[in-house]
Structures are given as structure tokens and as C-alpha cells.
Amino acid sequence: MKIDEGTFDKMPVNLQKMFCKVQKDYEEAGRVLDEQSGWSRSTKGKPRKSTSSGAGWGMTATGAEYEDAGGASRFFYCPKVSSKERNAGCETLEDKDWKMDGAAVPQRADRPFNPSKNNHPTVKPIALMEYLIRLVTPPGGVVLDPFLGSGSTAVAATRLGFRWVGCEKEADYAEIARARITSAEDELLEDL
Ligand SMILES: C[S@@+](CC[C@H](N)C(=O)[O-])C[C@H]1O[C@@H](n2cnc3c(N)ncnc32)[C@H](O)[C@@H]1O
């Protein structure tokens with residue numbers, strides 16, 4: 001993670017200290033990851049035809065974004081969320097197929113029906129959200145996630161003892177988020 005000197009100087013001292021600690025941990029984690037992954041070169045991508053935003057899955061019109069080399073730490077590495085974590089608290093909800101942008105993903109012969117109680121397509125790992133919340137939220141702060149999805153940010157905030165506010169436009173996802181958040185709250189009560 002890099003920030004420019006001017007931004008660093010403007011940060012409150014406690015945030016500067018936290019940033020230095022995170023930076024040290026981050027560099028050490030990157031070193032270990034690179035040792036494990038070894039060195040590789042990313043080939044130059046093909047420029048996409050469309051110039052509209054969102055087309056091309058992150059590739060811009062030049063197609064040169066990933067032409068670099070090094071260990072795996074040059075990518076943002078994060079393991080996928082486990083099915084246990086994804087569905088924690090959703091036990092009483094019905095099994096559903098995957099959805100994309102609120103619509104069911106079209107069934108294909110090479111893609112078998114893969115039911116899940118939490119069928120949100122982009123569930124984030126709770127550990128990642130906890131890390132990010134700790135990084136930027138001051139003591140007593142309120143966490144805002146205007147795109148809550150299945151509620152991972154709110155679950156992480158709850159576990160860390162932060163208040164939070166979330167918005168989700170899809171009723172099905174809001175139901176899943178409620179179930180996961182309630183489960184996180186219940187777990188905290190059990191630990192008391
Ligand atoms: C990338 S997903 C968030 C996933 C979430 N971090 C998780 O772990 O489940 C973004 C969510 O924002 C919701 N969304 C998109 N536009 C919205 C809007 N205008 N108001 C509220 N929610 C919105 C979508 O329905 C989607 O569930």
C-alpha cells in the first residue's frame with residue numbers, strides 16, 4: 001500500500017502510527033507470499049473493442065495494464081470466502097440459484113444448478129472487511145456501506161463493536177444480510 005508524503009503528513013498522529021504498523025505487516029506478508037509464488041510475467045492484454053465503462057472486465061482501451069512481472073504480491077491477494085462463512089446464519093432461508101445484478105444467472109448445460117442459501121455473487125471475506133474497517137474507522141466511528149449486498153461489512157463491523165449503517169436495494173439480499181448480521185450478534189452474546 002502506498003500513499004504520498006503530503007497525504008501522510010495530513011493524517012492524525014494515531015492514524016500515522018497505525019499506517020506504519022499495517023505497512024510493516026503488509027510488506028512482510030508480501031515477502032512471504034512472493035517466496036511461495038515465485039516470479040511470473042503478466043502478458044500484455046488485447047485492447048478491448050468497446051470504449052464503454054465496465055466492458056472488458058477491467059481492461060481499458062490500451063490493453064497494457066497487466067504487462068508487468070514479479071511475485072504474487074503485486075496483485076491484491078485475498079482467498080475466496082468459504083461456504084461456511086457465506087451461509088452462516090442463513091440456515092432457515094431457502095436454497096436459491098446464483099443471481100447477477102438481481103437477475104437469475106441463465107441456466108447452461110455446462111453449469112449445473114448450484115443452490116446456496118446466500119446466493120449473492122460477490123460476497124467479501126469477513127476478515128478482509130474487518131481489516132479495512134480497522135484501517136479507516138476512528139474509535140467510536142460509524143461504518144457506512146451504501147451497497148451492503150449480503151452484509152459482510154455489517155457483520156465485520158458488528159464483530160469489531162462498531163455501529164454501522166447499510167443500504168441494499170434487493171430485498172432478497174437484504175434478507176440474507178439480516179440473517180448473517182443477526183447470527184454475528186448472537187455469536188457475540190454467546191461469548192459474553
Ligand atoms: C458488490 S455488491 C456488495 C457485496 C457485499 N460486499 C457482500 O459481501 O455481500 C453491491 C450491492 O449493491 C447493491 N446496490 C446497487 N445499487 C444500489 C443502490 N442504488 N442502492 C442500494 N443498493 C445498491 C446491489 O444490489 C449489490 O447487492
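For the helix crossing described below, axes are lines fitted to C-alpha atoms, over the stretch in contact in the case of helices, and angles run from 0 to 180 degrees between N-to-C directions.

1. The model is predicted. The chain contains six helices and six strands. Read from the N terminus, these elements follow the order α-α-β-β-α-β-β-α-β-α-β-α. Of the 192 residues, 18% count as buried. Among contacts between residues at least 6 apart in sequence, 55% join residues at least 24 apart.

2. The crossing of α4 and α5. The axes of α4 and α5 come within 8 Å and cross at roughly 65°; the crossing is right-handed. On the α4 side, the contact is made by Ile-126, Met-129, Glu-130, Ile-133 and Arg-134. On the α5 side, Ser-152, Thr-153, Val-155, Ala-156, Ala-157, Arg-159 and Leu-160 take part.

3. Burial of α5. Is this helix mostly covered or mostly open? Helix α5 is mostly covered, with seven of its nine residues buried. The buried residues are Ser-152, Thr-153, Ala-154, Val-155, Ala-156, Ala-157 and Thr-158. Their cover includes α4, β5 (residues 142–145), β6 and α6. Just after α5, Gly-161 adopts a positive phi of about 85°.

4. Helix α6. This helix spans residues 171–191, and its 21 residues reach 31 Å from the first C-alpha to the last, close to the 30 Å expected at 1.5 Å a residue. Within α6, the residues Tyr-173, Ile-176, Ala-177, Ala-179, Arg-180 and Ile-181 are buried. What covers the buried residues of α6 includes α5 (152–160) and β6 (163–166).

5. The nonpolar core. Which residues have the most contacts inside the largest nonpolar core? They are Ala-154, Val-155, Ala-156, Ala-157, Trp-164, Ile-176 and Ala-177, in a core of 16 residues. The elements that give two or more residues to this core are α4 (126–136), α5 and α6. Helix α6 gives the most, with five residues. As for Ala-157, leaving aside its neighbours within four places in sequence, this residue is in contact with Ile-133, Val-143, Phe-162 and Trp-164.

6. Leu-93 in the loop between α3 and β3. Leu-93 lies in the loop that joins these two elements. Leu-93 is classed as partly exposed because 18 other C-beta atoms lie within 10 Å; the class falls between exposed, at 12 or fewer, and buried, at 20 or more. Apart from neighbours within four places in sequence, Leu-93 is in contact with Lys-117, Glu-175, Ile-176 and Ala-179. Of these, Ile-176 and Ala-179 are among the buried residues of α6. Leu-93 and Asn-118 are 25 residues apart in sequence, and their C-alpha atoms are 8.3 Å apart in space.

7. Asp-95 in that loop. Asp-95 is also found between α3 (83–87) and β3 (99–100). Is Asp-95 buried or exposed? Asp-95 is exposed, because 12 other C-beta atoms lie within 10 Å and a residue with 12 or fewer is counted as exposed. Not counting residues up to four places away in sequence, Asp-95 touches Pro-115, Ser-116 and Lys-117. Asp-95 and Lys-117 are 22 residues apart in sequence and 4.5 Å apart in space, C-alpha to C-alpha.

8. Two serines between β2 and α3. Ser-73 lies in the loop between β2 and α3, and Ser-82 is found in the loop between β2 (69–70) and α3. Ser-73 counts as partly exposed because it has 18 C-beta neighbours inside 10 Å, whereas Ser-82 is exposed, with 11 other C-beta atoms within 10 Å. Leaving aside neighbours within four places in sequence, Ser-73 is in contact with Gly-30, Leu-33 and Asp-34. Ser-73 and Glu-35 are 38 residues apart in sequence and 9.7 Å apart in space, C-alpha to C-alpha. For Ser-82 and Val-123, the separation is 41 residues in sequence and 9.8 Å in space, again C-alpha to C-alpha.

Conventions:
Residues are numbered from 1 along each chain as its sequence is written. This is a predicted model: local features need pLDDT of at least 70, side-chain atom pairs count only at pLDDT 80 or more; totals for chains, interfaces and linings use all residues. Helices (H or I, at least four residues) and strands (E, at least two) are DSSP runs, numbered from the N terminus. The expected span of a helix is 1.5 Å times one less than its number of residues. Two residues are in contact if their C-beta atoms, placed from the backbone, lie within 7 Å. A nonpolar core is a set of buried Ala, Val, Leu, Ile, Met, Phe, Trp, Tyr and Cys residues joined through C-beta atoms within 7 Å. A crossing is left-handed if the near helix is turned anticlockwise from the far one by less than a right angle, and right-handed if clockwise.
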